[in-house]
Amino acid sequence: MFAGFYEEVGRADQVIKIGEMEDPIPGPYEVLVKIAFSGINPSDVKMRAGSRGVLAFPRIIPHSDGSGIIESVGSMIDKVRIGEKVWIWNGN
């Protein structure tokens with residue numbers, strides 16, 4: 001997939017990179033959403049700037065809010081959910 005991301009805290013123009021990365025694989029209780037619309041939330045800005053301490057993950061795609069279509073599901077999620085339109089809040 002193609003995405004904007006960062007791996008360290010700092011000013012956006014210094015830490016955000018854009019490039020290809022492997023498609024994520026959903027865990028047992030997760031779904032993978034093909035994003036149609038993405039919004040940057042103030043919490044995304046604060047995390048990237050470093051005001052929330054260390055990063056929760058080694059690589060962050062700044063995206064807390066958005067919508068899209070479920071593309072794949074984890075082993076504990078019913079496959080009937082694939083293709084469903086969803087809204088994302090506080091996404092990872």
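Reader: Which kind of contact do the side chains of E7 and R59 meet in?

Author: General idea to begin with: side chains of opposite charge can pair when their charged atoms come close. Here, in what is a predicted model, the side chains of E7 and R59 form a salt bridge, at 2.9 Å from N to O. E7 sits in the loop between β1 and α1 and R59 in the loop between α2 and β4 (65–73), so this pair ties together parts 52 residues apart in sequence.

Reader: How do I read the accessibility of E7, K17 and R59?

Author: The partly exposed class runs between the buried cut-off of 20% relative accessible area and the exposed cut-off of 50%. E7 has 34%, so it counts as partly exposed.

Reader: What about D44: buried or exposed?

Author: D44 is buried, yet has no salt bridge. To read a case like this, look for the nearest side chain of opposite charge: for D44 that is R52, 8.1 Å away. D44 lies in helix α2 (residues 42–49). Leaving out residues up to four places away in sequence, D44 touches Y6, G39, P62, H63 and S64.

Reader: Which residues gather in a patch of negative charge on the surface?

Author: Look for E20, E22, D23 and E71. D23 is in the loop between β2 (17–20) and β3 (31–39).

Reader: And which residues make the nonpolar surface patch?

Author: F2, I16 and I18 make that one, about 340 Å² in area. F2 is in strand β1 (residues 2–5) and counts as exposed because its relative accessibility is 59%.

Reader: Now the whole chain: what pattern does it follow along the sequence?

Author: Read along the sequence, it goes β-α-β-β-α-β-β, with two helices and five strands. Of the contacts with a separation of 6 or more, 60% are between residues 24 or more positions apart. Buried residues make up 30% of the 92 residues.

Notes. Residues are numbered from 1 along each chain as its sequence is written. This is a predicted model: local features need pLDDT of at least 70, side-chain atom pairs count only at pLDDT 80 or more; totals for chains, interfaces and linings use all residues. Side-chain values use heavy atoms; hydrogens and water are left out. Patches are made of residues with over 30% relative accessible area and no salt bridge: like charges are joined within 9 Å, nonpolar side chains (Val, Leu, Ile, Met, Phe, Trp, Tyr) within 5 Å. Accessible areas come from the Shrake-Rupley method with a 1.4 Å probe; for residues, only the protein chains shown count as cover. A salt bridge is a side-chain nitrogen of Lys or Arg within 4 Å of a carboxyl oxygen of Asp or Glu. Helices (H or I, at least four residues) and strands (E, at least two) are DSSP runs, numbered from the N terminus. Buried means under 20% relative accessible area, exposed over 50%, partly exposed in between (1.4 Å probe, protein chains only). Contact means heavy atoms within 4.5 Å. Lys and Arg count as positive and Asp and Glu as negative; His and the chain ends are not counted. The place of a charge is taken as NZ of Lys, CZ of Arg, CG of Asp or CD of Glu.
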